[in-house]
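Dear colleague,

I am passing on the structure we talked about, together with some notes on its architecture. Please look through it with the text below beside you.

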Amino acid sequence: MSYLETAAEFYSEVAQTPQVGLCCVQSSPLQLPGLKVPCQMREMNYGCGTTVHPTELAGEPTVLYVGVGGGLEALQFAYFSRRPAGVIAVDPVAAMREAANRNLAIAALKNDWFEPSYVEIREGDAFALPVPDASVDVVAQNCLFNIFAPSDLAKALQEAYRVLKPGGRLLMSDPIATRPIPAHLQQDDRLRAMCLSGALTYEQYIQQLVSAGFGQVEIRARRPYRLLDCQNYNLEAPLLLESLDSVSFKVIIPEDGPCIFTGKTAIYMGAEEFFDDSAGHILQRGVPAAVCDKTAAKFASMKSNDILITDSTWHYTGGGCC
Ligand SMILES: C[S@@+](CC[C@H](N)C(=O)[O-])C[C@H]1O[C@@H](n2cnc3c(N)ncnc32)[C@H](O)[C@@H]1O
């Protein structure tokens, strides 16, 4: 049995018998005015963060959701799209598609604004998405891509890139590992299916996104997720997994490298009113300006006493204050 088959079998089990707390995190579920989430959906929240960022979802976007689970995030995305097939959700596991359809029918009874036709559930997988090139505004996946071995992850990211319109966004939430996960855990297919042993390090994860062609990546959240202890996981030291929420844009990678925003700012504190680096960055004296890590590194290498670079907050929500 391949690890992907083990994963499909595992998700068939947890579609039929929900496992509360399988992937959940210490953050409040997204509340939206007028949205009532059925408890059947809450019980099947197998995400490890959130991919539903209201500020990404203006203009009734077409959303392709990969790995539907119990349908919670598909419903949340439909809240913003509000039209038939505004959300297309893909899953290879029949029992999961059935559970999501059932839960969405219950959601329709509880929410006047929602029709089950707003979420179209299709059979398919992350490696062959059943939609044409450049046809969707948003692709989202929560706690699925971490299961994939690196070469399969590359394929899944290329697929996401293919189906996104130019400028479109890939919204993801996944566990990452604070150091490489040892081989004996990586090779445990059931742990991998449970999102506990396939995670890459932060650097490897970002590199995969850039290799797929995404020119800009923004980190929306990074927080502790699970601790793999020595006793149960046969480790010499405990291994912390974190959950990472990110948004990646289908834009050309700039010649000098991708823009990765992790919440750093540059603050000019020199004698002039502002500082202009002649490369598109104008820093007003005393006012923090959001900069990507590449620009932060360039400013830091100038060794100027006039520019302060603040640390990554790992909670970047866009730059500009005036
Ligand atoms: C960890 S659950 C996450 C479910 C959902 N995203 C959530 O946040 O609750 C992983 C989901 O991906 C589905 N899945 C498994 N293998 C897949 C594949 N190769 N392509 C797409 N979806 C897959 C599973 O059936 C399951 O619905």
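What is the order of the strands in the open sheet of 3 strands, and in which sense do they pair? In this model, which is predicted, that sheet has the order E12-E9-E13, and the pairing is antiparallel. Strand E12 (289-290) and E13 stand at its edges with a single partner strand each, so one side of each is left without a neighbour in the sheet. Strands E9 and E12 run antiparallel and are joined by 2 bridges, with Thr 265 standing opposite Ala 290 in E12. Helix H10 packs on this sheet, where it touches E9 and E13, and its direction makes about 135° with that of E13.

Helix H10 itself spans residues 293-301, and its buried residues include Asp 293, Thr 295, Ala 296 and Phe 299. These four cover an arc of only 160° around the axis, which puts them on the same side of H10. Among the elements that cover the buried residues of H10 are strand E8 (259-261), strand E9 (265-268) and strand E13 (307-309). Just after the helix, Lys 303 takes a positive phi of about 50°.

The domain assignment divides the chain into domain 1 (3-249) and domain 2 (261-309), and the centres of domain 1 and domain 2, taken over C-alpha atoms, are separated by 35 Å. The largest nonpolar core has 90 residues, and those with the most contacts inside it are Leu 64, Tyr 65, Ala 74, Leu 75, Val 87, Ala 89 and Val 139. This core draws at least three residues from each of domain 1 and domain 2.

Turning to the other sheet, you will find 8 strands that form an open sheet in the order E3-E2-E1-E4-E5-E7-E6-E8, with mixed pairing. Its edge strands are strand E3 (119-123) and E8, each of which pairs on one side only. Neighbouring strands of this sheet are turned by 20° against each other on average, when direction is ignored.

Strands E1 and E2 run parallel and are joined by 4 bridges, and the bridge partner of Val 63 in E2 is Val 87. Strand E1 (residues 63-66) also runs parallel to strand E4 (residues 136-142), again with 4 bridges between them, and here Leu 64 stands opposite Val 139 in E4. Helix H5 (residues 150-163) packs on the sheet, touching E1, E4 and strand E5 (164-177), and its direction makes about 155° with that of E5. Strands E4 and E5 pair in the parallel sense over 6 bridges, with Val 139 opposite Leu 170 in E5.

Two of these strands deserve a separate look for their burial. In E5, 11 of the 14 residues are buried, so the strand is largely enclosed by the rest of the structure. In E2, 5 of its 5 residues are buried, and both faces are covered, with Val 87, Ala 89 and Asp 91 on one side and Ile 88 and Val 90 on the other. Leaving aside residues up to four places away in sequence, Ala 89 touches Tyr 65, Val 68, Ala 74, Ala 100, Val 119 and Ile 121.

Finally, helix H3 (residues 72-81) is mostly covered, with 9 of its 10 residues buried. The buried residues are Leu 72, Glu 73, Ala 74, Leu 75, Gln 76, Phe 77, Ala 78, Tyr 79 and Ser 81, and what covers them includes helix H2 (39-43), E1, strand E2 (87-91), helix H4 (94-110), E3 and E4. Just after H3, Arg 82 takes a positive phi of about 50°.

With best regards

Notes
Residues numbered from 1 in each chain as written. Predicted model: local features only at pLDDT ≥ 70, side-chain atom pairs only at ≥ 80, totals over all residues. Buried ≥ 20, exposed ≤ 12 C-beta atoms within 10 Å, placed from the backbone. Arc of directions from axis to C-beta. Contact = placed C-beta atoms within 7 Å. Core = buried A, V, L, I, M, F, W, Y, C linked by C-beta atoms within 7 Å. Domains from an automatic or database assignment. Pairing = 2+ DSSP bridges. Axes fitted to C-alpha atoms, helices over the stretch in contact; angles between N-to-C directions.
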